[in-house]
Amino acid sequence: MTQDSFYQSLSPSRDFAGLTRAGAFTPLPRDWMVGCCDIVNSTDLIASGRYKTVNTIGASVIAAMINALQGVPFPYVFGGDGASFAVGPEHADIARDTLARLRSWASAEFDIDLRAALLPVSWIRAEGLDVAVARYAVSEAADYAMFAGGGLNWAERQMKLGGFEVPPAPLPDPPDLTGLSCRWNTIPARNGLILSVVVQPEPTASAKDFAKIAVDILAVADKLQRNGHPVPEGGPSFSFPPPGLTLEAKISRGKTALILRKAQLFIQTTLAAYALSRKRPLGSFDAQHYRRMLVANADFRKFDDGLKLTLDCPPQVRDDITRILEKAATAGHARYGLHEQDEALVTCIVPSVMRDDHVHFIDGASGGYTQAALRMAASDRATA
């Protein structure tokens, strides 16, 4: 089965909680490949205030693969300081080349060490794990892949140990990161705090055990306005010049001189700021519609071999979620990490502002998923 026919054959679901039910996920074909990337020492970069850069490089993996595959749909998931994806065997060479060029680009442009690995699904299954996917439709125009089975987590652990490495490309052309942008302001919490939640099942937990945990957490979040969506209904605010202008210039410049690319982006963002400030469409671009679609398409909750949430919530909701997770951990059913901060941030992949299929990754602005995962790992070490 080709990549196009397999992934497109999966019907997107509009019911996020329904993804906890048996049969919601479909195993990848055995000849597919899994790719993953993450940033080495992302904790130090976060501590130095560079989490926007960390998020953007994490999302660059997805943008580069979207452009390299030229519109062929594929499952991917954003993880804060990295990303994972899967492709059919016919695209394995493209994936390997893209990952190699990303590693060289991150080092040359940002002096950041990006790990990368690519491995067959069949190898993961030989370990007694799986990679199964579902499609969750956040709107009529966009959907995201959800993953289950434990295979992605295992692949990421092997990558960090040096397994299945994709080496950096020697003197490569920069990857095509068209569409990747970071122009919006951070988003202040409106209800008390931005809570990053990472929950994974213990190996001994049954699917039913973990589904119950996820359902209980989502029931708490569902009591919040708009399920705890961190982005306000009107979209995030926009400053001029945008705070991510230099970062976006470094991402998108290719072989162009940085100062020239910054000048080009300054002109573009001037026009964008004017369009976004208007209440009426500017030509064929309707800024208010674009903002509404940004909110509708935002990826603030996902299944990624577990449950990940970025919630705008009061302390009481944090405490309620913590109690559920403590009970699950005591029962040996789950491990978890939480991280709270004052703001969220959004990283965007927008192939065209004239279409509604743009995607937007939401994370906490001071470590988010990365810090929550580190707290989970620290808790694991403390109880080992």
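Modeller: Proline 241 has its place in the loop between helix 7 (207-222) and helix 8; helices (H or I, at least four residues) and strands (E, at least two) are DSSP runs, numbered from the N terminus. The model is predicted: local features need pLDDT of at least 70 and side-chain atom pairs count only at pLDDT 80 or more, while totals for chains, interfaces and linings use all residues. Residues are numbered from 1 along each chain as its sequence is written, and side-chain values use heavy atoms, with hydrogens and water left out.

The peptide bond that leads from phenylalanine 240 into proline 241 is cis, with omega near -5 degrees. As background, most peptide bonds are trans, and most residues other than glycine have a negative phi. Proline 241 has a relative accessibility of 44% and therefore counts as partly exposed, the class between buried (under 20% relative accessible area) and exposed (over 50%), with a 1.4 Å probe and protein chains only. From C-alpha to C-alpha, proline 241 lies 8.5 Å from alanine 273, although the two are 32 residues apart in sequence.

Just after helix 8, glycine 254 adopts a positive phi of about 60 degrees.

If residues up to four places away in sequence are not counted, methionine 65 touches Phe74, Phe85, Val87, Ala95 and Thr98. Its C-alpha atom is separated by 17 Å from that of alanine 142, which is 77 residues away along the chain. In the loop between helix 3 and strand 3 lies glutamine 70, a residue other than glycine with a positive phi, near 50 degrees. Its relative accessible area is 71%, which means that glutamine 70 is exposed.

A further positive phi in a residue other than glycine, near 55 degrees, belongs to aspartate 305. Aspartate 305 sits in the loop between strand 12 (301-303) and strand 13 (307-313), and its relative accessible area of 5% makes it buried.

Strand 16 (residues 359-364) is mostly covered, with six of its six residues buried. In a regular strand, side chains alternate between the two faces of the sheet. Here both faces are covered: Val359, Phe361 and Asp363 are buried on one side, and His360, Ile362 and Gly364 on the other. Strand 16 pairs in the antiparallel sense with strand 15 (residues 343-349) over six bridges; two strands pair if DSSP finds at least two bridges between them. Within strand 16, histidine 360 is the bridge partner of cysteine 348. With strand 11 (residues 298-299), strand 16 pairs in the parallel sense over two bridges, and aspartate 299 stands opposite phenylalanine 361.

Aspartate 299 also belongs to the lining of the largest cavity, together with Tyr76, Val77, Phe78, Tyr144, Ala145, Met146 and Lys302. A cavity is a set of points on a 1 Å grid over the protein atoms alone where a 1.4 Å probe fits but cannot get out, and its lining residues have an atom within 4 Å of a point. The lining divides into six nonpolar, no polar and two charged residues.

As for the whole, the protein has 12 helices and 16 strands, and 54% of its 384 residues count as buried. Among contacts with a separation of 6 or more, 78% join residues 24 or more positions apart. The C-alpha atoms fill a box of roughly 55 × 50 × 40 Å along the principal axes.

Terms used
On a 1 Å grid over the protein atoms alone, a cavity is a set of points where a 1.4 Å probe fits but cannot get out, and a pocket is an open set with protein on both sides within 12 Å along at least five of seven lines; lining residues have an atom within 4 Å of a point. Ala, Val, Leu, Ile, Met, Phe, Trp, Tyr, Cys and Pro count as nonpolar, Asp, Glu, Lys and Arg as charged, and the others, Gly among them, as polar. Contact means heavy atoms within 4.5 Å.
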